[in-house]
Amino acid sequence: MSPESRRRKRAKPSRSGQQVVRRARPAEVDQCDCPACSDGAYDPQSFIDDLVAGAADLIKTDDPVEAELFAATFLSAGDLAGEGFTEALNEGMLPAVAEIGTSEALAVLLAIDSVQEGTVAAAAAQRLLDEGVAAPSWAGELRQPVRVGPCRRFADPAGSASMLVCAFERAGRSYGFVVHVDHLDCDAAADIVLFPADALNEVVSTIQQNGRRAGLTIAEELLDPAEFRWQVERALDARADHDRERDPSEFDEESDEDGLGYHLLAVLLRARIRTLPEPTRPPAQHDARQTTLELLEMMTQIAGQAQQIQTRAGRRTAGPKLPAKRKKSGPAAPIYQLKVSLRGAKPPIWRRLELPADTSLADLHDIIQVAFGWDDSHLHGFETAYGDFGVADRELGHRADSSVTLEQVAAGVGDRFRYTYDFGDDWAHEIVVEKVLSRQPIAYPRCTGGRRAAPPEDCGGVWGYAELVEVLSDPGHPEHGDRLEWLGLASAADFQPARFDATEITRALTEGGHG
């Protein structure tokens, strides 16, 4: 596969709030250019009425952050709408909201103005205030200055990832952000977490503890506010560039079901960092081509270093001592809810699984094989904070995974480790414990969610799969027929990469004797 084909496929996961954009189509203004705005599914005035009605709770709250999150939920969806969204917002939606003239309408305008620059929300809100519409209790706090606490950066020694951490205070209320930056993906933001500032020490401690568990010494660096802003903007901008390459029809599943979505928090974070001093250096240039080449070079260097270390040591470092295994005479193990994501897949490919915490890693391997439709015809391995496990192999540094349980390598919510299948195609899966659940009188393991079919075996890894999808979607491609023949398909219509059925996977797990 050519590097050019690989570069065309760079993208980031989907954004939240697509439904909001689909409904925001004022008829009296030019529509934005997203597919959602031309599907005819929603009435613009009904959407505006619903938006204002949804602000009823904002009148009752006294925390302005709730208002900012309300606005960010709406505005994050606007990221999908292209260049026409701001025009539609200023010429259609916000004036229509102001025309309603209620306290709820004023709350919507004030909230939007607090997190988004370049809108008419401030002028519209002032008009309602001049007309005597009552402002919510938090309106005054929004006008108070924002103060920033110490800005810190935590980085792993390999330079593959870092965490940007900072807390902001306004009128006695403090909240912090953690931005996870993936330096192997164009320095793009991978995730954002919002937390109460009184949990800052706990957040920092968790970052350091996770590093120690992984055998890493996490470096901490204090940044001045301007440099912190530069680092955050670089990460957010690179992520935004990746997201713009996505198919809008796929922007529907990456929000955290039990928390706040990335794109919502990105809007709020941008509002916060705009209060920081302007960076002294120019904005970072995001060049996916250059970064891809740099990444390939870096991977080559890392692979060479790893081989040298392995040769000198004779095997990989085992890591810290494993926690003791659960006693058979003790209480039954709880149920872990895992999210297993295929790293680098664009669009995302993942499965949500529920299984007993004392499941062995060997059985987890079998479960993942079924859940993703792999053939179990290649080697596999688990990379954990306690060492690497798989079929016992001294040269690979793998200890036997049959005697190690899931809860030994992942103690609870938030713990993660990696599973790799086929060391040639390198299907790397990120596994994270999302929840610890009480055991129910049902069969385990089971699949409760996910997205998209897994790639076919031996297609060349995530880059090869991306090219395969591209070839099969183009009947005129010179390799179209050869790829269909390789897959044993009569027609490209039989190739269904978007297909996913959790019930079918659960049935396969049960029939395969994994229950």
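Visitor: Which residues in α6 meet Ala105, Val108, Leu109 and Ile112 in α7?
Guide: This is a predicted model. Helix α6 covers residues 84–100 and helix α7 covers residues 103–115. The α6 residues that meet those four in α7 are Leu94, Val97, Ala98 and Ile100.

Visitor: How many nonpolar, polar and charged residues does the contact of α6 with α7 have?
Guide: Both helices bring Ala, Val, Leu and Ile to the contact: Leu94, Val97, Ala98 and Ile100 from α6, Ala105, Val108, Leu109 and Ile112 from α7. Those residue types count as nonpolar. By class, the contact has no charged residues, no polar ones and 8 nonpolar.

Visitor: At what angle do the axes of α6 and α7 cross?
Guide: The two axes come within 8 Å. Angles are taken between N-to-C directions, on a scale from 0 to 180 degrees. The α6 and α7 axes cross at roughly 145°.

Visitor: Is Glu354 buried or exposed?
Guide: Glu354 lies in strand β8, residues 350–356. Its relative accessible area is 7%. The cut-off for buried is under 20%, so Glu354 is buried.

Visitor: Which side chain makes a polar contact with the side chain of Glu354?
Guide: Glu354 touches several residues beyond four places away in sequence, including Tyr336, Gln337, Tyr444, Arg446 and Thr448. A polar contact needs N or O atoms within 3.5 Å. At 2.9 Å, the partner side chain is that of Arg446.

Visitor: What percentage of the residues in the chain is buried?
Guide: The chain has 18 helices and 14 strands. It counts 515 residues. The buried share is 47%.

Technical notes: Residues are numbered from 1 along each chain as its sequence is written. This is a predicted model: local features need pLDDT of at least 70, side-chain atom pairs count only at pLDDT 80 or more; totals for chains, interfaces and linings use all residues. Side-chain values use heavy atoms; hydrogens and water are left out. Helices (H or I, at least four residues) and strands (E, at least two) are DSSP runs, numbered from the N terminus. Buried means under 20% relative accessible area, exposed over 50%, partly exposed in between (1.4 Å probe, protein chains only). Contact means heavy atoms within 4.5 Å. A polar contact is a pair of N or O atoms within 3.5 Å; within protein, one must be able to donate a hydrogen and the other to accept it, and residues adjacent in sequence count only if both atoms are side-chain atoms.
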